[in-house]
Amino acid sequence: MSDIWIISDGKPGHLNQSLGLVEALTALNLHIVSQVLSVSDAWRSLFSTHSKPKLIISAGSGTQLINALLALRYRVPNVLLMKPNYPQTLFSLLL
């Protein structure tokens, strides 16, 4: 079971931003487990019975919609590492 789901669009820069945030959380001595999901795997997770994450993180315009939908489906906070193309209220934190 992963505490944090990182949604990746496959672009190394976007993934590194998300991993950097997880690394910073880990530096706070939080015992967390993260999992990287591709956008297509994230879409499949929307309709599956996965154990739910505690936080969803993503960067990149191709990840915004699924980030918001997963957060709504699992009722967990989400972080977007960019200015969104969707209403800001869909995200718990924007960086």
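**A loop residue and an aromatic pair**

Thr-63 sits in the loop between strand S3 (55-58) and H3, where helices (H or I, at least four residues) and strands (E, at least two) are DSSP runs numbered from the N terminus. The model is a predicted one, in which local features need pLDDT of at least 70 and side-chain atom pairs count only at pLDDT 80 or more, while totals for chains, interfaces and linings use all residues. Residues are numbered from 1 along each chain as its sequence is written, and side-chain values use heavy atoms, with hydrogens and water left out.

With a relative accessibility of 0%, Thr-63 counts as buried, a term that means under 20% relative accessible area, with exposed over 50% and partly exposed in between (1.4 Å probe, protein chains only). Leaving aside residues up to four places away in sequence, Thr-63 touches Ile-7, Ser-8, Asp-9, Val-39, Ser-58 and Leu-80, contact meaning heavy atoms within 4.5 Å. The side chains of Thr-63 and Ser-58 are also joined by a polar contact of 3.0 Å (a pair of N or O atoms within 3.5 Å; within protein, one must be able to donate a hydrogen and the other to accept it, and residues adjacent in sequence count only if both atoms are side-chain atoms). The Thr-63 side chain reaches the backbone oxygen of Gly-60 at 2.7 Å.

Turning to the rings, Trp-5 and Tyr-74 form an edge-to-face aromatic pair, 5.4 Å centre to centre with 80° between the planes; rings of Phe, Tyr and Trp (its six-membered ring) pair if their centres lie within 6.5 Å, and planes under 30 degrees apart count as stacked, over 60 as edge-to-face and the rest as tilted. Because Trp-5 lies in strand S1 (residues 4-8) and Tyr-74 in helix H3 (residues 64-74), the pair ties together parts that are 69 residues apart in sequence. Trp-5 is buried at 2% relative accessible area, and Tyr-74 is buried at 5%.
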